Every structure is written in structure tokens, then in C-alpha cells.
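Colleague: Could you take a close look at one part of this model, and then place it in its wider setting? I would value a single connected account.

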Amino acid sequence: MIMEASLYPGCSLEGLAKSYKESLQSVAKTMDIKLSELDNWTCCGASSAHVTNDKLAVALAAKDLITADKAGKDLVVPCAACFQRLKVAEKHLKDGKPVAGITDRYAGNFHVKALPDFLWNDVGKKAWKDKVKKPLNALSPVCYYGCLTARPPKVTDSRNPEDPQEMDNVLRSLGANVRNWSYKTDCCGGSLTLTRPDLQMKLSQKLLDMAEEAGADCIAVDCPMCHENLDSKQQEISQESGKSYNVPILYLTELMGLAFGDPDVEKWLGRHTVDARPMLVERGLL
Amino acid sequence: MAVAELPQTVVPDSSFRKQVEEKSGENLSSCYLCEKCTNGCPLAFAMDIAPHKLMRCVNLGLKDEVLKSDTIWICASCETCTTRCPNGIDIAHVMDSLRQISQGEGIKASQPQVPTFHKAFLASIKRFGRVHEGSMAATYLLRSGGLKELMSMARMGLDMFKKGRIKILPSRPSRKVKQIFRAAERKE
């Protein structure tokens, strides 16, 4: 049976995180999931709206929930920041509070789902158990969820905000030797990447160090902002610290595509700053 | 970052606390200074007033110290404090309220590039409906540090471009988004 859901990609997936969108669409197709992009979706307001104007922050995200409500299918959100903003607006709409510039009725007969939660708890491993062509046995990732799929749980409805498991479970089911670590939801520096790059790099460096200490050979992520912070600054972090960093940062969906033998994997990985291909060739996965 | 020098004797004044409570909808006086927010905060090391002390300052009425602090602009909204506060104070949301009060009262931000960034980001949404990352980042860099700042990021930008990660054309403007901006920015 074909599973259907609406998709809210978010602005980054059209640019910086293009390979996240490409790999998501490809693995969804492999698993017979029909993801329909929301009509005329616009920005959720991200961190800038809630810092500046509470009403704007709720209304921008609520606009897209109204569209999703009309579509009537669960809404899958790959970006952690978009997910959290949409959940804030969802709570607001469900409580029947007024929203600036929006008068539409809201039934709310659908769920807003972070991608790892959707993949593990709704799609489930049965959907991909026959699709795995290259089990990831030789790979030892740590899973990094970042802040906003987890926190705050009163908004995100996260089952386990201090130690989420969905990505770990998905990758384990694909054969990966997933490493445990205590930094799954520690902040990477988020939106400080342009305003205080010194602080952002300090936070991201800690994560790279801790992944190494956990014995990981790569970091699996589900957030475009986390990916950007961890992937594109390693050269600069190496220069500043005198320690050399070259840790591949891979989207969960790219790793799924790798296990499914997707022909486009190399194209996706070619978009990253740290090239994961030599490590994957060494592991016999490419 | 230097730790802020705070007054050693204060005559408590509840008017600022009331202003923040009204704006945020949070009950700040329930803070009993357990320091859980500060202990979990990934950026406390870079703040001039640690999060639990900031809550105390609000409760005591130290408005100037709070609104001029680095803390309110350095907080990355990771929501660890909100998640762990035993009294259910949404501290990250209180930070948002403090930033909004500070900007609303025309106070010069101690980290002026942070509100400059948010303005560039929101302008991009208002104009195109979706954020156009390339032009937003360029606008921010020019406004915060001039041409030199923009050029310092040029190499990274070119690399992203070569890897197909820069969206060239912005999205079509959205009437509904512009309408939302007008409604949300209307003064009550």
C-alpha cells in the first residue's frame, strides 16, 4: 500500500541543504511513500521571527498549517527548526487563540511530524527491509539530533528529549554500528553561525571531538542548520585550533540512500564540504 | 567575555518583572535560583550575566543591566533551559521577550549584529515569501561589517555555488505573507 503525507521542505532544502531534499525524495520513492510538497509554502519564520515579534512567529508558521489542514495528510518536516516553529503554531491554533492575518478555520486532523519520528514510528522498518542492497555494517555513525526536534517537549511532544532514538533505530536497522554518545541534542551554535562564528565554532568543535571520542567515523544529522555548522566550518576550526578535522557529516536520508544502493548517492555527497566518499570507498560502501 | 558588574545593594522594584511577565506570559517570580538553566546552557561561558542571574535581575528590577546585557543576544534559543526548568518557566521565551522589549525601547544591542541579522532574515521572508539564503547573507554581511565582511565570506560562497547549494533565483513574492507581516506589525 502506498503511504501518503504532505511535505514542508523549508527554505534551506532549496539551497544549502539541497542534497537533503534530493535524498529524501529518492528514498521516499524507493519505500513507496508519496510525499506531496505543500502548495505555495512559505518560510516558517525560523529563529528570526520569534526573536523579533511573537505574533509574526506564530502567524507565519500557522499559514502553512492551514494549507496542510486542507490537504488533510500528516505533515512531514525534515528541518528541525521548521518543525519546532510549526509545532508552536499548531499548539496555538489548537487552543483556538487568534493568529495575526489569519481567519481560516483549523480542524487540525493531521500530525506535524519530524522526519526521524515519521520514518521510524510511522513508516517503520518493514518498508525498507527488502530494499537494503548494501547494509551499513562497516559504518560507525553517531546520531546528532540537534536542539529543535527534541526541545522543548511541551511543544515538540518528543518522547525522549534528552536521549532521542529514532535516527539510531533507523540506522541500526540498516546494519550500521551506531555509537552511543551523550551529545545527541547538544547545541551546535545554531543561528550564531553568521553573527558570532567564534562561539558557533567552539560549540561545533566540541561535537566533532565527542564524536571522535565515541569512536564514530561520521555524524548522521537531520537538521540543515546543524549540517551546515558541522560540515562547512571544519577547515576553519582546524586552522583556529591546530587540530585537523575531517569528519563526514551525512543526512539520515543520504545514509538510507547509500544502503538502498541509490544511484544518486555520489551526487548528494558531492555537495558537501567534507568529502565522505574516500571514507565510504575505504569501508567498501561506494 | 567579561562578567557584568552588578550592583551589590538593590532596592527591589517589581515593575520590570511585571512588564516581562505580561509580555512573555511566564511566571518569573517562581524562579528559586536552582541554576539548572545555567548549568545546562551551552553558551553560559560566553554570557556576561548567567541565565539564572538574569532571571534574578529581572525579579529585582535591574532593567538597564538586563536589556543592555550580552546574554539576551548570545542565547542561541536551544531551549535546554526551558526543557529543564523545574518551575516550568519558558526561559528561552523570556529571552525573546527581553530582546523584543529592548528593541521596542530603542536600546542599542550589545551585540548589534544579531538584530541586524534578524532584520535581514525577516526582510527576505517579507519580500520573497521564502528566505533567499544568498541575498540574505550578503545583505547581512554588508550591513554588519561592510564590504570587507562580505568579501571574507566570498570564497565559501563560491564553493557552495560550485556544489550547487546556492539557489539562484528567489521565490515568487507571497501576498498572504505580506498580509501577515502587516497584521503582526500593527500596533495595538
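Modeller: A residue is called buried if 20 or more other C-beta atoms lie within 10 Å of its own, exposed if 12 or fewer do, and partly exposed in between, with C-beta atoms placed from the backbone. The model is predicted, so local features need pLDDT of at least 70 and side-chain atom pairs count only at pLDDT 80 or more, while totals for chains, interfaces and linings use all residues. Residues are numbered from 1 along each chain as its sequence is written, and chains are lettered from A and ligands numbered from 1 in the order in which they are written.

Just after H9(A), A:Gly215 takes a positive phi of about 80°.

Chain B has 11 helices and 0 strands (DSSP runs of H or I of at least four residues, or of E of at least two). Its C-alpha atoms fill a box of roughly 55 × 40 × 30 Å along the principal axes. Of the 188 residues in chain B, 45% are buried. Contacts (C-beta atoms within 7 Å) between residues of chain B at least 6 apart in sequence join residues at least 24 apart in 66% of cases.

Where the two chains meet, chain A gives 43 residues to the contact and chain B gives 43 residues. On the side of chain B that touches chain A, two or more residues come from each of helix H6 (80-84), helix H7 (91-104), helix H8 (113-128), helix H9 (133-152) and helix H11 (175-185) of chain B. The largest share of that side is supplied by H11(B), with 8 residues. By class, the side of chain B that touches chain A holds 21 nonpolar, 12 polar and 10 charged residues (Asp, Glu, Lys and Arg are charged; Ala, Val, Leu, Ile, Met, Phe, Trp, Tyr, Cys and Pro nonpolar; the others, Gly among them, polar).
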